Amino acid sequence: MSRVLVTGGSGLVGHSLHKYSDWLFPSSKELDLLDHVSTMRYFDNIRPTIVVHLAARVGGLYRNLNENMEMFHDNMKMNLNIVQACEQYKVTKLIVVLSTCIFPDKCEYPLDESMIHMGPPHHSNEGYAYAKRMLEVQTKLLKNTKTICLIPTNLFGPHDNFDLTTAHVIPALINKAVNNKTFNVLGSGRALRQFLYVEDFANIIHTCVNWEQVNEHELFICAPNEEDEVYIEYVVDIIKNHVGIDEITYDMTCSDGQYKKTASNKKLLETFPNIKFSNFEEKLKDTINWYIK
Ligand code: NAP
């Protein structure tokens, strides 16, 4: 019988997995991944067979710009500890989460799984990106553990981080729209993004936990269809209309980050044809309603 351990269970993705009630969700106090000794002690006590590693120092564009070094340092440290614990305690399957924002800044589109290391990432998030790229390398080198690297596009949904100083774009926009009368958007609104609803990602993780034919090392981009990529100004419009705001201003002096990161879900859907994606507009409105409540 497998024993599934999830790190980072209190975050956006972690919350979406709580419905799998027989999985373990230790808090960062019970399992502090920055602490090597306590990580090893925790694994020694619990002896998980499958690990879903979500924990990370995560943030939106402006947190990455401000904390590039801390992003590299903390994520490298957490990932080294978890990979080493999986090796030492003979975990059979490790699922880790990378991100499409770690791909090279300049490359062909759509992005596919073979392109992660093909050039430098966008300067805005090089600390986070290089640490995640190294996680791909670390997992490939594991000898006795099968590894799956999931590479999601921007995620959104209930239990996201809505703090304006560290949030990703959707929760930051929702917070501003709901709490401020004026709606000041940082950047031009012309960047393109594919947004994945967190429950759809939870379904992919659950499918991978139960996947028996897994090879030694697998990578899957987790993205909605390429034609569902949207301009940030489209997201702004939905939020504006749903919340009921009259005026929007765009602050063109702020960075847009990488212009686009169009990613292909071809391999994911060929391997798991039953994966479905929710309607973006509907789930965005659900997320706004959840935040307002
Ligand atoms: P999140 O909401 O920011 O949650 C981060 C989680 O990591 C929290 O549960 C936090 O626990 C935990 N954590 C932080 N430091 C820790 C430590 N030292 N020891 C143990 N746990 C620690 O993150 P998320 O948005 O759910 O992201 C989950 C994964 O998906 C991450 O690996 C992220 O890089 C990746 N990802 C996210 C997005 C996105 O748009 N959100 C997109 C692509 C990839 P505490 O609350 O106790 O600190």
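A nitrogen atom of the ligand lies 3.0 Å from a polar side-chain atom of D32. This is a polar contact, a pair of N or O atoms within 3.5 Å. The model is predicted, so local features need pLDDT of at least 70 and side-chain atom pairs count only at pLDDT 80 or more, while totals for chains, interfaces and linings use all residues. Residues are numbered from 1 along each chain as its sequence is written, and side-chain values use heavy atoms, with hydrogens and water left out.

| Residue | Protein atom | Ligand atom | Distance |
|---|---|---|---|
| D32 | polar side-chain atom | nitrogen | 3.0 Å |
| V13 | backbone N or O atom | oxygen | 2.9 Å |
| G11 | polar backbone atom | oxygen | 3.2 Å |

Taken alone, the ligand exposes 900 Å², and the protein buries 82% of that area (Shrake-Rupley method, 1.4 Å probe). Two or more residues of the shell come from each of α1 (12–16), α5 (126–141) and β5 (154–156); helices are DSSP runs of H or I with at least four residues, and strands are runs of E with at least two. The shell holds 26 residues, of which S10, S28, L54, Y128 and K132 come nearest to the ligand; a residue counts as near if one of its heavy atoms lies within 4 Å. By class, the shell has 15 nonpolar, nine polar and two charged residues.

The second largest pocket has a space of about 200 Å³. Its lining has 14 residues, and P224, D228, S278, N279 and F280 are the closest to its centre. A pocket is an open set of points on a 1 Å grid where a 1.4 Å probe fits, with protein on both sides within 12 Å along at least five of seven lines, and lining residues have an atom within 4 Å of a point. Strand β8 (residues 195–197) gives the most to this lining, with three residues.

The whole structure contains twelve aromatic pairs. One of them joins F43 and Y89, which are tilted, at 6.5 Å centre to centre and 35° between the planes. Ring centres of a pair lie within 6.5 Å; planes under 30 degrees apart count as stacked, over 60 as edge-to-face and the rest as tilted. Because F43 lies in helix α2 (residues 36–46) and Y89 in the loop between α4 (68–88) and β3 (93–97), the pair ties together parts that are 46 residues apart in sequence.

Two backbone features remain. The peptide bond from Y109 to P110 is cis, with omega near 5°, and P110 is found in the loop between β3 and α5. R47, a residue other than glycine, has a positive phi near 50°.

Conventions: A polar contact is a pair of N or O atoms within 3.5 Å; within protein, one must be able to donate a hydrogen and the other to accept it, and residues adjacent in sequence count only if both atoms are side-chain atoms. Ala, Val, Leu, Ile, Met, Phe, Trp, Tyr, Cys and Pro count as nonpolar, Asp, Glu, Lys and Arg as charged, and the others, Gly among them, as polar. Grid points are joined across faces, edges and corners, and a volume is the space filled by probe spheres set on the points. Rings of Phe, Tyr and Trp (its six-membered ring) pair if their centres lie within 6.5 Å; planes under 30 degrees apart count as stacked, over 60 as edge-to-face and the rest as tilted.
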